[in-house]
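Subject: Structure handover and findings

Hello,

Please read the notes below alongside it.

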Amino acid sequence: MLYHAYELQRSWMNSASALASIGAGMLSNPANPLAGFGMGPLAASALDVFSHATAHYGKPEFGIETVQIGGVAHPVVQSTVMKRPFGDLLRFRVEGAPADRPRLLIVAPMSGHYATLLRGTVERMLESAEVFITDWADAKMVPQGAGKFDLDDYIDYLIAFAEHVHAEAGGQRVHMMAVCQPSVPAFAATALLNLHKSPAAPATLTMMGGPIDTRECPTVVNNMAMQRPIAWFRQSVIATVPLKYPGAGRRVYPGFMQLSAFMSMNLSSHMMSHYEMFKHLTIGDEESAQATKDFYDEYRSVCDMTAEFYLQTVEEVFQKHSIPKGEFRHKGEIVDLTAITDTALLAIEGERDDISGLGQTRAALKLTPNLPEAKKRYYMAEGAGHYGIFNGSRWRTKVAPVVEEWIAAHAG
């Protein structure tokens with residue numbers, strides 16, 4: 001009944017949001033004599049905030065049309081180069097850029113948000129590389145006939161995507177960047193590609209805010225995963241997709257559950273953000289208000305994960321700590337991290353990350369004893385929270401240059 005209750009509540013809130021939007025428009029219309037007097041502006045601003053906070057958001061578009069390189073604007077062409085049931089591979093080609101630029105495969109998280117959460121990451125890296133990104137599907141939109149999708153399948157997808165990028169580049173080595181949750185499967189895929197001496201093994205792997213070893217500086221997210229047995233998660237947060245969606249009958253971890261969890265972690269901050277948006281609207285500062293709206297448009301756009309992927313991730317990554325213990329298996333076979341002898345590793349963490357604590361990503365460097373020290377690097381972004389290491393001004397001016405230098409130094 002969980003999903004049905006949510007759908008019913010969403011229908012009510014959509015109606016309330018629409019009415020609030022109409023009311024805000026009427027109260028702020030220049031033709032309305034109350035628009036600039038008394039409580040009119042305050043009421044319009046309040047209704048605008050309520051309308052935005054309760055609206056339903058679908059899958060956003062990347063919408064990257066140009067990128068500045070050397071002070072010149074170059075058109076960007078987005079295309080889908082591989083289509084799979086549970087995720088596509090997108091390419092962003094910069095017209096007029098050198099053909100020999102590095103090929104960077106960005107692995108987006110499958111954690112309740114769409115790949116467009118990394119719009120700023122893609123846009124910044126397009127200044128120096130041809131960018132590919134995983135575009136994971138909303139599980140409720142995937143028919144049951146497509147089969148299951150678990151952590152093993154995720155790794156297989158990454159290997160297939162890396163092989164495609166390598167082939168498309170005419171044999172040029174691939175660079176891989178994993179943001180947050182996919183650091184674990186990207187790390188495993190890199191180990192397997194190294195083990196089998198695959199030419200598609202990435203020249204570099206950058207892991208950003210990833211839960212490689214959640215025993216290091218555990219956060220609220222880590223503690224929540226450890227406090228309850230996996231059976232609790234299976235019974236309490238897994239729901240069945242309703243009949244109205246193509247994936248009807250599929251068992252999923254709903255995106256609205258993940259969003260609720262993240263919102264509740266920093267509820268006071270989110271409330272203050274909306275209060276600040278209200279203040280900006282009342283004084284006519286539309287630009288500042290729009291910046292907050294744009295962030296929440298993306299943040300509230302959520303999608304479902306398959307139950308098997310979610311449960312396997314919780315159990316293997318957050319409860320059993322299989323990766324740092326050397327017990328992680330891919331289709332029954334132990335993933336040998338000591339096999340990584342060629343791919344250069346860059347671990348990036350945010351000083352104030354409250355999702356993946358300090359040391360959790362850096363642990364990857366300790367787990368690869370056969371990789372030369374010259375091919376390992378650690379970078380901590382001072383003052384950055386979780387999202388600050390891949391979006392915003394710190395990302396653009398502090399973190400991205402480190403990634404670019406690392407890629408250039410190990411172009412191979």
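The notes below go from the whole chain to single residues.

Ground rules
This is a predicted model, where local features need pLDDT of at least 70, side-chain atom pairs count only at pLDDT 80 or more, and totals for chains, interfaces and linings use all residues. Residues are numbered from 1 along each chain as its sequence is written, and side-chain values use heavy atoms, with hydrogens and water left out.

Whole chain
The secondary structure comes to 14 helices and 14 strands. Both are DSSP runs numbered from the N terminus: helices are H or I with at least four residues, strands are E with at least two. Of the 412 residues, 53% count as buried. Buried means under 20% relative accessible area, exposed means over 50%, and partly exposed lies in between (1.4 Å probe, protein chains only). Take contacts between residues at least 6 apart in sequence: 77% of them join residues at least 24 apart. Contact means heavy atoms within 4.5 Å.

Nine strands form an open sheet with mixed pairing, in the order 1-2-3-5-4-6-7-13-14. Two strands pair if DSSP finds at least two bridges between them. Strand 1 (66-69) and strand 14 (376-381) are the edges; each has a single partner strand, so one side of each is left without a neighbour in the sheet. On average, neighbouring strands of this sheet are turned by 25 degrees against each other, direction ignored. Helix 5 packs on the sheet and touches strand 6, strand 7 and strand 13 (344-350). The direction of helix 5 makes about 160 degrees with that of strand 7. Axes here are lines fitted to C-alpha atoms, for helices over the stretch in contact, and angles run from 0 to 180 degrees between N-to-C directions. Helix 14 (residues 393-409) lies across strand 4 (103-107), strand 6, strand 7, strand 13 and strand 14. Helix 14 runs at about 175 degrees to strand 14.

Strand 7
Strand 7 (residues 204-208) is mostly covered, with five of its five residues buried. In a regular strand the side chains alternate between the two faces of the sheet. Here T204, T206 and M208 point one way, L205 and M207 the other way, and all are buried. Strand 6 (residues 174-179) pairs with strand 7 in the parallel sense over five bridges. V179 stands opposite M208.

Helix 4 against helix 5
The axes of helix 4 (residues 151-168) and helix 5 (residues 183-195) come within 9 Å and cross at roughly 60 degrees. That makes helix 4 oblique to helix 5. For the classes, angles under 35 degrees count as roughly parallel, over 145 as roughly antiparallel, 65 to 115 as roughly perpendicular and the rest as oblique. The crossing is right-handed: the near helix is turned clockwise from the far one by less than a right angle. Helix 4 brings L151, Y154, I155, L158, I159 and A162. Helix 5 meets them with P185, A186, A188, A189, L192 and L193. The residues of this contact divide into 12 nonpolar, no polar and no charged. Nonpolar covers Ala, Val, Leu, Ile, Met, Phe, Trp, Tyr, Cys and Pro; charged covers Asp, Glu, Lys and Arg; the others, Gly among them, are polar.

An open sheet of three strands has the order 8-9-10 and antiparallel pairing. Strand 8 (239-240) and strand 10 (305-306) stand at the edges, each with a single partner strand, so one side of each is left without a neighbour in the sheet. Strand 9 (residues 251-253) pairs with strand 10 over two bridges. Y253 has M305 in strand 10 as its bridge partner.

Helix 11 and Q312
Helix 11 is mostly covered: 11 of its 13 residues are buried. Among them are F309, Y310, L311 and F318. Q312 is found in helix 11 (residues 307-319). Q312 is buried, at a relative accessible area of 18%. Not counting residues up to four places away in sequence, Q312 touches D150, L151, D152 and V317. Just after helix 11, H321 takes a positive phi of about 55 degrees.

K59
K59 is found in the loop between helix 2 (40-54) and strand 1. K59 is partly exposed, with a relative accessible area of 46%. K59 touches Y114 and D135, not counting residues up to four places away in sequence. K59 and D138 are 79 residues apart in sequence and 9.0 Å apart in space, C-alpha to C-alpha.

Best regards
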